[in-house]
Amino acid sequence: MPEIKWRLKGKWLKNCNCDYGCPCDFNAEPTHHVCEGMVAMDIEEGHFGDVDLGGLRWAGMYKWPGPLHEGNGTILPIVDERADAKQREALLTIMSGQEQSEGAVFAVFMSLVSRVLEPKFAPIDFEFDLKKRSARCRIPGLLDTASDPIKNPVTGDPHRILINLPEGFEYEVAEVAAATYIRGEGDIEFDFAETHSSLSHVEHTSEGLVHRNASS
C-alpha cells in the first residue's frame, strides 16, 4: 500500500499507432500487433504528499513489441522542465509505479515495462479542447502530435464517438478522435498519421482512478 498519498487531476491525451477505437480498450490485440505512441497530462490540480504539482505537465513515449499484456515494453518518461527538484522527484516516483495500489494506472503500465529510458526534462507545449476533440502536444526534439475530430468520409462532418469503461483504470469516459500525426524522435522513433486518439478529463490517485460516471 502507498505510504505517500498523491492525486493528479487534469487533461489526458493518448495517441497511438492503432486504428480509431484502440483495440487495447477492448482487451484485443493492437491493430498492427505492436503498440507505439504517447500519453501526456496537463495537471490542473495535484500533489504528492505536501509537494504541489498543479500547473505542471508530464508525458511518456512508449513501444511494446506486441500486445501490452505480453509485456516487454520500453518507455521514456518526460517531465515538465518547470518542475523543481522535489516536483521532478515526485512525478518520476508516480510515473515509475511506486507509491500506489497495484491497480493504479502507472503501476499497471510499469508492470508491463522491461526498459525505462533516462528521463528527459523539457518544455511540454499542451493544447486541449475536449468538446472539440482537438489537442496538440509538442516537446522539442522528442515528440509532436495533434488530434482532431474523426471526419465522416462522405459528408466531411465531424464524427463523435465515446468510449465508456465503468471499470477502467486509465480513464472512465474518453472522446475518440483522430491522431492526425504522431512523430517521435531521439530515443524512441515513430511516424504515424490518421491513427487513434483518446481525450479525457481524469483524476488519478495513489488508490487508482476516481470513477464518477459509472452506473450501478
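This is a predicted model: local features need pLDDT of at least 70, side-chain atom pairs count only at pLDDT 80 or more; totals for chains, interfaces and linings use all residues.
Residues are numbered from 1 along each chain as its sequence is written, and side-chain values use heavy atoms, with hydrogens and water left out.

**Stop 1: the whole chain**

Show the cartoon: you'll find two helices and 17 strands (DSSP runs numbered from the N terminus, H or I of at least four residues for helices, E of at least two for strands). The radius of gyration is 16 Å, close to the 17 Å that the globule rule gives for 216 residues, so the chain is as compact as a globular protein of that length. That radius is taken over C-alpha atoms, and the rule is 2.2 Å times the number of residues to the power 0.38.

Now colour by burial. Buried residues make up 53% of the 216 (buried is under 20% relative accessible area, exposed over 50%, partly exposed in between, with a 1.4 Å probe and protein chains only).

**Stop 2: the charges**

Select Lys and Arg, then Asp and Glu: these count as positive and negative, with His and the chain ends not counted. There are 21 positive and 35 negative side chains, and the centres of the two sets lie 5 Å apart, placing each charge at NZ of Lys, CZ of Arg, CG of Asp or CD of Glu. Salt bridges come to 13, each a side-chain nitrogen of Lys or Arg within 4 Å of a carboxyl oxygen of Asp or Glu.

**Stop 3: Glu203 and its partners**

Select Arg7 and Glu203, whose side chains form a salt bridge at 2.6 Å, N to O. Arg7 is in strand E1 (residues 6-16) and Glu203 in strand E16 (residues 195-205), so this pair links distant parts of the chain, 196 residues apart. Arg7 is partly exposed at 22%, while Glu203 is buried at 9%.

Arg212 is exposed, at 57%. Which residues join up here in a network of salt bridges? Bring in Glu45 as well, and you have Arg7, Glu45, Glu203 and Arg212.

**Stop 4: Arg57 and Asp42**

Finally, select Arg57 and Asp42, a salt bridge with its closest N and O atoms 3.3 Å apart. Arg57 lies in strand E4 (residues 57-64) and Asp42 in strand E2 (residues 35-48), so the pair ties together parts 15 residues apart in sequence. Arg57 is buried at 18%, and Asp42 is buried at 11%.
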